[in-house]
Amino acid sequence: MLQLYDDTFKMNNKIGLFVFALLCLLLGTFAVNATKDFNVSTTSISDSVEAGSSESGTFVIRNIGNETLNLTLTNGNLVSGSNSFAFTLSAGTITNLAPSAVRTITVYYAPSSSQATGAYTGTVLASTVGGGPSATVSLNIAVTSEESEYDIGFEDEGSTLTIEIDVDE
């Protein structure tokens with residue numbers, strides 16, 4: 001009887017070890033690696049703004065990894081040749097962005113009234129604090145001016161010259 005108990009114990013012990021090893025193998029296969037990753041809703045913002053006024057554009061950052069993220073975002077300049085003006089962001093940092101969470105960022109641009117007209121470009125850089133992925137959003141902003149139209153007509157009435165100026169605003 002003791003021999004039968006001893007053989008049964010050894011057999012159950014071997015089965016138990018086999019099941020334990022199989023579970024370790026399967027669970028190891030399903031282990032989730034920690035990842036830092038995010039994306040932006042758009043890679044470029046195109047807009048126009050009149051010199052002396054302000055406009056804004058937005059983009060969304062989404063955490064698509066499985067770790068909480070801390071990000072930095074760069075303010076900078078919009079440049080056209082030798083002309084430039086600053087743009088600002090609603091946030092320079094994003095802290096504790098949980099997995100699947102989103103954050104909307106607003107980009108503000110306000111050229112002065114004396115800003116030269118033209119096509120201005122710039123870049124917002126979003127990067128992970130401590131290393132990891134980064135993304136850029138290109139800014140393409142056309143600065144326009146208030147245009148006034150002047151129609152000048154000349155009429156010859158003999159010896160008198162009459163000049164008419166119509167200003168449409």
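Predicted model: local features only at pLDDT ≥ 70, side-chain atom pairs only at ≥ 80, totals over all residues.

Colleague: Which residues does Ala142 touch, not counting residues up to four places away in sequence?

Modeller: Ala142 touches Asp47, Ser48, Val49, Gly118 and Ala119, once residues up to four places away in sequence are left out. Contact here means heavy atoms within 4.5 Å. Residues are numbered from 1 along each chain as its sequence is written, and side-chain values use heavy atoms, with hydrogens and water left out.

Colleague: Where is Ala142, then?

Modeller: Ala142 sits in strand S10. Helices (H or I, at least four residues) and strands (E, at least two) are DSSP runs, numbered from the N terminus.

Colleague: How far apart are Ala142 and Ser46, in sequence and in space?

Modeller: They are 96 residues apart in sequence, and 8.1 Å apart in space, C-alpha to C-alpha.

Colleague: And is Ala142 buried, exposed or partly exposed?

Modeller: Ala142 counts as partly exposed because its relative accessibility is 30%. Buried means under 20% relative accessible area, exposed means over 50%, and partly exposed is in between (1.4 Å probe, protein chains only).

Colleague: Zooming out, how many helices and strands does the protein chain have?

Modeller: One helix and twelve strands.

Colleague: What share of the residues is buried?

Modeller: Buried residues make up 21% of the 169 in the protein chain. As for contacts between residues at least 6 apart in sequence, 62% join residues at least 24 apart.

Colleague: Tell me about the core. Which residues touch the most other members?

Modeller: The largest nonpolar core has 27 residues, and Phe59, Ile61, Leu73, Val107 and Val124 touch the most other members. Strand S10 (residues 134-144) gives the most to this core, with five residues. A nonpolar core is a set of buried Ala, Val, Leu, Ile, Met, Phe, Trp, Tyr and Cys residues joined through side-chain atoms within 4.5 Å.

Colleague: What does Phe59 touch?

Modeller: Not counting residues up to four places away in sequence, the contacts of Phe59 include Val40, Ile45, Leu73, Ile105, Val107, Val124 and Val137.

Colleague: Now Phe87. Where is that one, and is it buried or exposed?

Modeller: Phe87 is in strand S6 (residues 83-89). Phe87 is buried, because its relative accessible area is 1%. Leaving aside neighbours within four places in sequence, Phe87 is in contact with Leu78, Val107, Val124 and Leu139, among others.

Colleague: Which way do S6 and S8 pair?

Modeller: S6 and S8 pair in the antiparallel sense, over three bridges. Phe87 stands opposite Tyr109 in S8. Two strands count as paired if DSSP finds at least two bridges between them.

Colleague: And how many bridges join S5 to S6?

Modeller: Five bridges join strand S5 (residues 76-80) to S6, and the two run antiparallel. Leu78 has Phe85 in S6 as its bridge partner. S5 and S6 form a hairpin with two residues between them, and Gly81 in the turn has a positive phi of about 60 degrees.

Colleague: Speaking of phi, what is the phi of Asn96?

Modeller: Near 55 degrees, a positive value in a residue other than glycine. Most residues other than glycine have a negative phi. Asn96 lies in strand S7 (residues 93-97), and Asn96 is exposed, with a relative accessible area of 57%.

Colleague: What about Ser100, where does it lie?

Modeller: Ser100 lies in the loop between S7 and strand S8 (102-109). Ser100 has a positive phi of about 75 degrees although it is not a glycine. Ser100 is exposed, given a relative accessible area of 56%.

Colleague: Last one: is Thr128 buried or exposed?

Modeller: Thr128 counts as buried, at 8% relative accessibility. Thr128 lies in strand S9 (residues 118-128), and its contacts beyond four places in sequence include Lys36, Phe38 and Pro133.
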